[in-house]
Amino acid sequence: MATKALFLIFVAAAMVGMAHGASYTVGAPGGLWDLKTNYTRWASAITFYARDGLRFQYSVVEDNVIEVSKADYDTCNISSPIAMYKTGNDVIPLVAAGSRYFMCGIPGHCLAGMKVHVNIRSNNIKSKVVRCQGKGSRQRCRSQPSLRSVATSVGPSALAWLSLAAIVVGIVLFF
């Protein structure tokens, strides 16, 4: 009986995890917010969706992250940030469709390329890369759409309650 209860708990935890979306470490595979990474190239290789998240990892002595408007992003203006992050391991949820603009607030870093723009989609369809050909800027990839998990279209709190209800019903039925 305990095995069945553990199985139900595992399934419920997996369902809650799917509701939160994907997490992307900015600059991965190296994964550092630094002056060496081409963030335009990095972001263009990923399709971001609402409920995904960005993780910025950096040295707090050398860098930070600020969110800015498009105009400030284009000119590397740090005078009126939307939000500031300074922990060195910042996780920023992408809660809605649209564009978000981030850059380093240390003078000169944005001008040196330490900035990233992400476009966030709201639909439930993700593209799955099938095959890429070529190298560098001549690389072309063919993709095939696949449905995103149904769990991502349900809010995390509703899914958590549903999972809890499934566990309680399972325990009552099995014991």
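**Strands and salt bridges**

Mentor: Strand β4 (residues 65-68) and strand β5 (residues 83-85) pair in the antiparallel sense over 3 bridges. Strands here are DSSP E runs of at least two residues, helices are H or I runs of at least four, both numbered from the N terminus, and two strands pair if DSSP finds at least two bridges between them. It's a predicted model, so local features need pLDDT of at least 70 and side-chain atom pairs 80 or more, while totals for chains, interfaces and linings use all residues. Residues are numbered from 1 along each chain as its sequence is written, and side-chain values use heavy atoms, leaving out hydrogens and water.

Trainee: Which residue in β5 stands opposite isoleucine 66?

Mentor: Methionine 84. β4 also pairs with strand β7 (residues 98-103), antiparallel over 3 bridges, where tyrosine 101 is the bridge partner of valine 68.

Trainee: OK, new topic: how many salt bridges does the structure hold?

Mentor: It holds 2, counting a Lys or Arg side-chain nitrogen within 4 Å of an Asp or Glu carboxyl oxygen. In one of them, arginine 100 meets glutamate 67, with the closest N and O atoms 2.5 Å apart. That pair links distant parts of the chain, β7 and β4, 33 residues apart.

Trainee: Is glutamate 67 buried or exposed?

Mentor: Buried, because its relative accessibility is 8%; the cut-offs are under 20% for buried, over 50% for exposed and partly exposed in between, with a 1.4 Å probe and protein chains only. Arginine 100 counts as buried too, at 16%.
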